[in-house]
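Here's a quick tour of ring pairs, a helix and nonpolar cores. Have the viewer open while you read.

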Amino acid sequence: MIVLLCIFCYLLGSLAFGKWIAAAYGVDILREGSQTIGATNVWRNLGWKAGLLVFILDAAKGYAAGWLGGNLPKIMISDHGYDYRLALIAGGCAVLGHSASVFLKFKGGKSVATALGVLLSISPDVAGLSLFVFIFVLATWRYVSLGSLSGSITTPVFAFAFGYPRFVVLTYVGLALLITVRHRKNIERLLRGEEYKFGEAKAREGTIP
């Protein structure tokens, strides 16, 4: 059952909404901007409506995976409680699927929205604070990548502060490391002072009607 859960959640995470929504606009998003299927790249190239839709869908698949994993024992055995371990396993598989989608020859996005969805399903209090950190950093410095990194890095700190089990905190450390690695090019541009600020990319790169 766990193997089937992992396969299903990986395939769920692999759903390349960014790629498919951009294709509906006649755009190959893997050739534009950061060449990823993430909501930020779609927003930058196709506008806020397409970007917001991708963000919601990417977060939804993470939420669905975490919810299914955590509640699967309860569904299978009526008197069983919520299972954090299965929730984390299922959510992790969805994040992996988004990062290395089987539908895109194992290419993908940077996993921020999908990871947020997983957090919302497992620890909404932690997700809310991490989202606040993201919004604060974005509003202050206008770097989406910096906001994403700040939000992900503070996630295990908040989980520890709220008293979540150690394995939950350690898993969130792993998610933060994955998101940091996926943002390595952004970090290099931040250090060089070349990272795009939110709202600047269209002016520099042009926009798709």
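Rings of Phe, Tyr and Trp (its six-membered ring) pair if their centres lie within 6.5 Å. With that in mind, Phe17, Trp20 and Phe103 form one aromatic cluster. Bear in mind that this is a predicted model. Over the whole structure there are 6 aromatic pairs.

Two of these pairs deserve a look side by side. A pair of aromatic rings is described by the distance of the centres and the angle of the planes.

| Pair | Centre distance | Plane angle | Type |
|---|---|---|---|
| Trp43 and Phe198 | 5.7 Å | 65 degrees | edge-to-face |
| Phe132 and Phe136 | 6.5 Å | 20 degrees | stacked |

Why is the pair of Trp43 and Phe198 edge-to-face? The planes of Trp43 and Phe198 are at 65 degrees, and planes over 60 degrees apart count as edge-to-face. This pair links distant parts of the chain, 155 residues apart: Trp43 belongs to helix H3 (residues 39–46), while Phe198 is in the loop between helix H10 (184–192) and helix H11 (201–205). Trp43 is partly exposed, at 31% relative accessible area, and Phe198 is partly exposed too, at 37%.

Phe132 and Phe136 both sit in helix H7 (residues 124–141), 4 residues apart, or about one turn of the helix. The planes at 20 degrees make the pair stacked, because the cut-off for stacking is under 30 degrees. Phe132 counts as exposed at 53% relative accessibility, whereas Phe136, at 48%, counts as partly exposed.

Now for helix H1 (residues 2–14). Its 13 residues reach 18 Å from the first C-alpha to the last, close to the 18 Å expected at 1.5 Å a residue.

In soluble globular proteins, nonpolar side chains tend to be buried together. The largest nonpolar core here has 20 residues, and Ile122, Val126, Ala159 and Tyr172 have the most contacts inside it. Two or more residues of this core come from each of H5, helix H6 (112–122), H7, helix H8 (144–161) and helix H9 (166–182). Leaving out residues up to four places away in sequence, Val126 touches Thr155, Phe158, Ala159, Phe162, Tyr164 and Tyr172. Another core, of 14 residues, lies apart from the largest one and includes Ala16, Ile21, Ile29 and Leu30.

Technical notes:
Residues numbered from 1 in each chain as written. Predicted model: local features only at pLDDT ≥ 70, side-chain atom pairs only at ≥ 80, totals over all residues. Heavy atoms only, no water. Buried < 20%, exposed > 50% of the residue type's maximum accessible area, 1.4 Å probe, protein only. Expected span 1.5 Å × (residues − 1). Core = buried A, V, L, I, M, F, W, Y, C linked by side-chain atoms within 4.5 Å. Contact = heavy atoms within 4.5 Å.
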